[in-house]
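User: I should like to go through the reasoning behind several assignments in this structure. Please set each value against the criterion that applies.

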Amino acid sequence: MSYDDLVCAACSGRVVDGGCPTCRAARQHLRSETKLPAELFLTLAAVMALLLILATHLRG
């Protein structure tokens, strides 16, 4: 379930539409929690590349 599907308890509108201050606050809070920093993805990619290099080196 994503926040696009959530219904606001204050105004009964969709949170994604931001129809009231409660919706807007909830939408901003949910967006800030769901974003992952780009550095995390770069670090994971570097670790996976190192593991692939090590695995290839150890096999041959």
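Predicted model: local features only at pLDDT ≥ 70, side-chain atom pairs only at ≥ 80, totals over all residues.

User: How do you know that the length of helix H2 agrees with its number of residues?

Analyst: Helix H2 covers residues 38-59, which is 22 residues. The expected span takes 1.5 Å times one less than the number of residues, and for H2 this gives 32 Å. The end C-alpha atoms of H2 are 32 Å apart, so the two values agree.

User: What makes H2 hardly covered?

Analyst: A residue must have under 20% relative accessible area to count as buried. Among the 22 residues of H2, the count of buried residues is 0.

User: Why is Leu44 called partly exposed?

Analyst: Leu44, which lies in helix H2, has a relative accessible area of 45%. Buried requires under 20% and exposed requires over 50%; Leu44 is therefore partly exposed at 45%. Together with Leu36, Leu40 and Phe41, Leu44 makes a nonpolar surface patch of about 380 Å².

User: Why is Gly19 called exposed, and where does Gly19 lie?

Analyst: The relative accessible area of Gly19 is 63%. The cut-off for exposed is over 50%, so Gly19 is exposed. Gly19 lies in the segment before helix H1 (21-34). Gly19 and Cys8 are 11 residues apart in sequence, and their C-alpha atoms are 8.9 Å apart in space.

User: What makes Cys8 buried and Cys11 partly exposed?

Analyst: Cys8 has 6% relative accessibility, and the limit for buried is under 20%, so Cys8 counts as buried. Cys11 has 36% relative accessibility. This value falls between the limits of 20% and 50%, so Cys11 counts as partly exposed.

User: How do you know that Cys8 is too far from Cys23 for a bond, and why does the conclusion hold for Cys11 as well?

Analyst: A disulfide requires a pair of cysteine sulfur atoms within 2.5 Å. For Cys8, the closest cysteine sulfur is in Cys23, at 3.4 Å, which is too far for a bond. For Cys11, the closest cysteine sulfur is also in Cys23, at 3.5 Å, again too far for a bond. The structure as a whole holds 0 disulfides.

Note on methods:
Residues numbered from 1 in each chain as written. Heavy atoms only, no water. Helix = DSSP H or I, 4+ residues; strand = E, 2+ residues; numbered from the N terminus. Buried < 20%, exposed > 50% of the residue type's maximum accessible area, 1.4 Å probe, protein only. Patch = residues over 30% accessible without salt bridge, like charges linked within 9 Å, V, L, I, M, F, W, Y side chains within 5 Å. Areas by Shrake-Rupley, 256 points an atom, 1.4 Å probe, with all protein chains shown as cover. Salt bridge = Lys/Arg side-chain N within 4 Å of Asp/Glu carboxyl O.
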